Amino acid sequence: MRVVVLGAGFGGLELTTKLSEEFGDTADVVLIDREDGFVFGFSKLDVMFGRATEDAVLHRYADITRPGVKVVKAEITAIDPVAKHVDTTEGAFDADILVIALGADVHPEATPGLLEGGHEFYSPGSAFPLREVVENFQGGRVVIGVTSLPFKCPPAPSEAALLLHDFLTERDRRDNSEIALVTPQPAPIPPSPDTSAALLAAFAERGISFNPNRALKSVDPALQVALFDDGSEMAYDLLFGIPVHSVPAVVAESGLAVDGWVPVHPMTLETSFPGVFAIGDVTSIGTPKAGVFAERQGEAAAERIAAMLRSQAETAEYDGKGLCYIQMGSDQVARVNVQFTPGAAQPVVGIFDEPTMQLAADKAEFGRSRARRWFGKEWAT
């Protein structure tokens with residue numbers, strides 16, 4: 001039986017790795033992605049603030065040599081979830097089991113003026129060139145604005161503000177600069193009050209302005225003014241916008257999406273189409289759109305698919321667990337462990353670990369371990 005996996009992010013990589021481990025050369029897994037390689041979310045900020053180079057953070061799909069796994073670099077042009085048929089720029093693929101792991105696309109063009117007057121750092125192609133933009137910024141007001149909910153990696157706007165503070169401080173530009181974070185959320189990380197409190201304390205200590213319950217709705221590039229949905233506005237010298245997110249167009253056109261995202265059974269990750277799973281950011285499962293949750297979903301889906309391939313009972317279920325490392329500035333990292341009831345909006349368990357240098361080392365090992373597992377290489381983070 002052939003398993004076709006669309007998308008090689010956290011979820012797709014973990015799922016294909018587990019199936020290869022389970023079945024070896026007898027696996028028949030096709031992994032399709034349009035990109036040359038995988039970039040961890042935190043690596044985009046590392047490049048943006050001069051802490052790493054582009055080449056160092058790109059993990060190339062061509063390096064994947066897993067038994068039973070064929071990697072195809074292609075654009076997906078059509079998905080038929082009934083027939084489990086996929087058309088791509090490299091030909092057509094038929095699946096016995098189809099997995100949708102295409103994540104969420106970002107749309108800076110959906111916010112008037114953002115492309116002309118600001119920047120986004122949620123895609124590598126946009127984040128990497130910002131290294132030069134940030135390096136050349138001599139000071140002034142920086143606005144980091146979230147356009148809408150949901151968005152990937154909820155801590156990232158806060159991390160960007162704290163890393164920018166460090167960057168400007170190291171270059172003696174912080175005294176003549178302001179940093180403002182504006183978000184439609186009521187707190188930096190609403191599901192974790194302890195994490196939000198720690199971030200708010202870090203903002204206060206560093207003079208970073210936090211502005212909740214407001215969304216960036218448009219930008220006036222000529223006047224360099226950001227306009228928000230409550231009628232307020234902020235002048236800026238440098239603007240970073242967290243753009244509108246949506247399912248990829250090919251997913252929307254397939255009939256898989258309902259109310260903007262792909263609904264799945266919260267415990268099994270199955271869609272309403274038999275033999276079709278969806279995992280990660282593309283779904284409406286309710287857990288945050290973050291790689292660690294996609295990875296966990298990929299693991300659970302792989303176990304269910306393995307049982308199907310063996311004609312055994314499918315007992316594995318997604319448990320809603322995830323941990324997130326949060327860059328708190330000053331080279332320290334915090335961590336939050338949460339567990340959601342799949343399908344619910346709020347976690348039932350949330351444990352916040354205060355920032356330490358040891359957690360920074362743990363975060364680095366988190367990245368290294370995935371590079372080792374998914375790509376078979378040692379990565380010097």
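Predicted model: local features only at pLDDT ≥ 70, side-chain atom pairs only at ≥ 80, totals over all residues.
Colleague: Noted. What about secondary structure: how many helices and strands?
Modeller: The protein has 11 helices and 22 strands.

Colleague: And why call it as compact as a globular protein of that length?
Modeller: Its radius of gyration is 21 Å, and the globule rule gives 21 Å for 381 residues, so the protein is as compact as a globular protein of that length.

Colleague: What box do the C-alpha atoms fill?
Modeller: Roughly 65 × 40 × 40 Å, along the principal axes.

Colleague: Now the inside. What percentage of the residues is buried?
Modeller: Of the 381 residues, 54% are buried.

Colleague: Which residues have the most contacts inside the largest nonpolar core?
Modeller: I100 and F121. That core has 107 residues.

Colleague: What does I100 touch, leaving out residues up to four places away in sequence?
Modeller: I100 touches L6, I79, V251, L256, V276, F277, A278, I279 and V282.

Colleague: Which residues are in the other core?
Modeller: Another core of 11 residues lies apart from the largest one. Its members include A180, L216, A226 and M234.

Colleague: Back to contacts overall. Of those with a separation of 6 or more, what share joins residues 24 or more positions apart?
Modeller: The share is 65%.

Colleague: Last topic, charges. How far apart are the mean positions of the positive and negative ones?
Modeller: They are 4 Å apart, for 31 positive and 53 negative charges.

Methods. Residues numbered from 1 in each chain as written. Heavy atoms only, no water. Helix = DSSP H or I, 4+ residues; strand = E, 2+ residues; numbered from the N terminus. Rg over C-alpha atoms; globule rule 2.2 N^0.38 Å. Buried < 20%, exposed > 50% of the residue type's maximum accessible area, 1.4 Å probe, protein only. Contact = heavy atoms within 4.5 Å. Lys, Arg positive; Asp, Glu negative; His and termini not counted. Charge placed at Lys NZ, Arg CZ, Asp CG, Glu CD. Core = buried A, V, L, I, M, F, W, Y, C linked by side-chain atoms within 4.5 Å.
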